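My notes follow in the order I checked things.

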Amino acid sequence: MDWHIVQTGLAGALGADIFARSNARRVAIIGAGTQGRTQLNGLRMVRDIAVVRVFDRIPTVARAFAADYAAAGLDCKASDSVDAAVEDADIIVASTWARTPFLFARHIRPGMHISSFGPDQPGKCEVAAEVLLGARTVVDDRNLAVEMGVIGGAGLDASTIVGELGEVIDGLVPGRQNTEDVTVFGSVGLAFQDLAAAWLAYQKAVAASVGQVWKALN
């Protein structure tokens, strides 16, 4: 699997684990592609997930996703709409190609966490401005979030951002402050995270004496 996809999945798991309520166990996956699967796999590494509802604009893809995870013992079912998928969710994970928002204030309940991974270039949007303005919104990079991420896609500016994920991890910015907070993590994906993952893979390969070393030509 592509390192970038794995890295984004792990970053998403980290963000959700930091911001979602400690008792969050019900997940809605919007977008049943490779990244949707990776996000769920990462999330299950850090949280005890009990229920998953998945929606995709291609119903057969959502049903295949649900069947695979149900076969592995997870309560996972396909939903026929975004509304149905998020109805009882504690955590919403969106990873789509959408260019218009599909998550609105009517979908939000106190204490929810939303992770948005689709907006990674100008013009893409998953979460409506009305949701972001009422939430504690954290991103992986302020400038990129405004230029091409969850903030810019919704037509907002940097004032909407509470902080960056790294600042929350370092204790410089508070994350979730109470059980009623609605939190949003918007990620565009950062190159240095790919480098960190590659460095770890390289170190493990060296330790295991596998692979080949290629020397740069002068």
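I started with helix α3, residues 59-71, which lies across β1, β2 and β3. Its direction is at about 165° to β3. I note here that this is a predicted model.

Next I checked the length of α3. The helix has 13 residues and spans 18 Å from its first C-alpha to its last, close to the 18 Å expected at 1.5 Å a residue.

Which residues of α3 are buried? I found Ala62, Phe65, Ala66 and Tyr69. They cover an arc of only 95° around the axis, so they lie on the same side of α3. The general rule is that an α-helix has 3.6 residues a turn, so residues three or four places apart point the same way. I then looked up what the buried residues of α3 pack against, and found β1, α2, β2 and β3.

After α3 comes Gly73, and I noted its positive phi, near 100°.

Helix α2, residues 34-46, lies across β1 (26-30), β2 (51-55) and β4 (91-94), and runs at about 160° to β1.

Then I traced the sheet. Eight strands form an open sheet with parallel pairing, in the order β3-β2-β1-β4-β5-β8-β6-β7. Because β3 (75-78) and β7 (161-164) stand at the edges with a single partner strand each, one side of each has no neighbour in the sheet. Neighbouring strands of this sheet are turned by 20° against each other on average, direction ignored.

Last, I checked one pair. Strands β6 (residues 136-139) and β8 (residues 183-186) run parallel and are joined by four bridges. Val138 has Phe185 in β8 as its bridge partner.

Note on methods. Residues are numbered from 1 along each chain as its sequence is written. This is a predicted model: local features need pLDDT of at least 70, side-chain atom pairs count only at pLDDT 80 or more; totals for chains, interfaces and linings use all residues. Side-chain values use heavy atoms; hydrogens and water are left out. Two strands pair if DSSP finds at least two bridges between them. Helices (H or I, at least four residues) and strands (E, at least two) are DSSP runs, numbered from the N terminus. Axes are lines fitted to C-alpha atoms, for helices over the stretch in contact, and angles run from 0 to 180 degrees between N-to-C directions. Contact means heavy atoms within 4.5 Å. The expected span of a helix is 1.5 Å times one less than its number of residues. Buried means under 20% relative accessible area, exposed over 50%, partly exposed in between (1.4 Å probe, protein chains only). The arc is that of the directions from the helix axis to the C-beta atoms.
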